[in-house]
Amino acid sequence: MIAHLRGTVAGVAPDGAVIEVGGVGMRVQCTPGTLATLRLGEPAQVSTSLVVREDSLTLFGFVSDDERNIFELVQTASGVGPRLALAMLAVHTPDALRRAVATEDLNALTLVPGIGKKGAQRIVLEMKDRLGPPGDGTDGLPGLRTSPRMPVWRDQVQSGLVNLGWPVRDADLAIAIRTATIVDGLARVQAGAGLVARRGRPA
């Protein structure tokens, strides 16, 4: 299994990137959020999952091991393949997916194109005890690393989602939800930092 790639970003497209490792260009399919962290000509590392089919070998790349692990886990649910799993992570962070499954939030799951109410119910039933509780991940606040450049990459993220088959309206909604999650996370960090600072002041 190829667990990760570390090399130079040789190309970026709406649905994936090429990372050159030892003179060999490895193409990886990525979520728009992962693509937003890659810069052409700069070094990068992505966690990877290799999907083997009779007629193809496809490498999927992720910004963290946690995203990769969730990608692999959700595919154990009935009717969830690599493309749908990737779409789930394009809309939701790993912790957001854990939260949606743990709380049986069908509305959150059906935001993902390709998941209807029955599909969401099946995912909740089959995955509830497998994804773990929110906060199990090791990547801290989801999306925080990419948030400073989010406005610049909005068009690319939208293009990536549309390329995966999303209607433009759904792509814009997913971006708005992701941005709101990031902003809320930043607010919590700032509030916590302020509280620590106040407690640390001498009386």
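A crossing of two helices is right-handed if the near helix is turned clockwise from the far one by less than a right angle. The views below come from a predicted model.

**Figure 1. Overview of the predicted fold.** The protein has eight helices and five strands. Along the sequence, these elements follow the pattern β-β-β-α-β-β-α-α-α-α-α-α-α. The protein has 203 residues, and 39% of them count as buried. Take the contacts with a separation of 6 or more: residues 24 or more positions apart account for 56% of them.

**Figure 2. Helix H2 packs against helix H3.** H2 covers residues 65–74, and H3 covers residues 82–91. Their axes come within 9 Å and cross at roughly 135°. The angle lies between 115 and 145 degrees, so H2 and H3 are oblique to each other. The crossing of H2 and H3 is right-handed. From H2, the contact takes Glu-67, Ile-70, Phe-71 and Val-74. From H3 come Pro-82, Ala-85, Leu-86, Met-88 and Leu-89. By class, the residues of this contact are eight nonpolar, no polar and one charged.

**Figure 3. Helix H2 packs against helix H4.** Here the axes of H2 and H4 are 9 Å apart, at an angle of about 40°. H2 is therefore oblique to H4. On the H2 side sit Asp-66, Glu-67 and Ile-70. They meet Pro-94, Leu-97 and Arg-98 in H4. The contact of H2 with H4 divides into three nonpolar, no polar and three charged residues. Glu-67 and Ile-70 of H2 are also among the residues that make the contact with H3.

**Figure 4. Helix H3 is largely enclosed.** Nine of the ten residues of H3 are buried, so the rest of the structure largely encloses this helix. The buried residues are Pro-82, Leu-84, Ala-85, Leu-86, Ala-87, Met-88, Leu-89, Ala-90 and Val-91. Several of them also take part in the contact with H2, including Pro-82, Ala-85 and Leu-86.

**Figure 5. Helix H6 has a buried face.** H6 runs over residues 117–127. Gly-119, Ala-120, Ile-123, Val-124 and Met-127 of H6 are buried. Seen down the axis of H6, the buried residues fall within an arc of 140°, so they line one face of the helix. On the other side of H6, Lys-117, Lys-118 and Leu-125 are exposed. The cover over the buried residues of H6 includes H2, H3, helix H4 (94–102) and helix H5 (106–109).

**Figure 6. Glu-104 in the loop between H4 and H5.** Glu-104 is found in the loop that links these two helices. Its phi is near 55°, a positive value in a residue other than glycine. The relative accessible area of Glu-104 is 44%, and the residue is partly exposed.

**Figure 7. Gln-45 on strand E4.** Strand E4 spans residues 43–53 and holds Gln-45. At 40% relative accessibility, Gln-45 counts as partly exposed. Not counting residues up to four places away in sequence, Gln-45 touches His-4, Leu-5 and Arg-6. Val-63 is 18 residues from Gln-45 along the chain. The C-alpha atoms of Gln-45 and Val-63 are separated by 7.9 Å.

Key:
Residues are numbered from 1 along each chain as its sequence is written. This is a predicted model: local features need pLDDT of at least 70, side-chain atom pairs count only at pLDDT 80 or more; totals for chains, interfaces and linings use all residues. Side-chain values use heavy atoms; hydrogens and water are left out. Axes are lines fitted to C-alpha atoms, for helices over the stretch in contact, and angles run from 0 to 180 degrees between N-to-C directions. Helices (H or I, at least four residues) and strands (E, at least two) are DSSP runs, numbered from the N terminus. Angles under 35 degrees count as roughly parallel, over 145 as roughly antiparallel, 65 to 115 as roughly perpendicular and the rest as oblique. Contact means heavy atoms within 4.5 Å. Ala, Val, Leu, Ile, Met, Phe, Trp, Tyr, Cys and Pro count as nonpolar, Asp, Glu, Lys and Arg as charged, and the others, Gly among them, as polar. Buried means under 20% relative accessible area, exposed over 50%, partly exposed in between (1.4 Å probe, protein chains only). The arc is that of the directions from the helix axis to the C-beta atoms.
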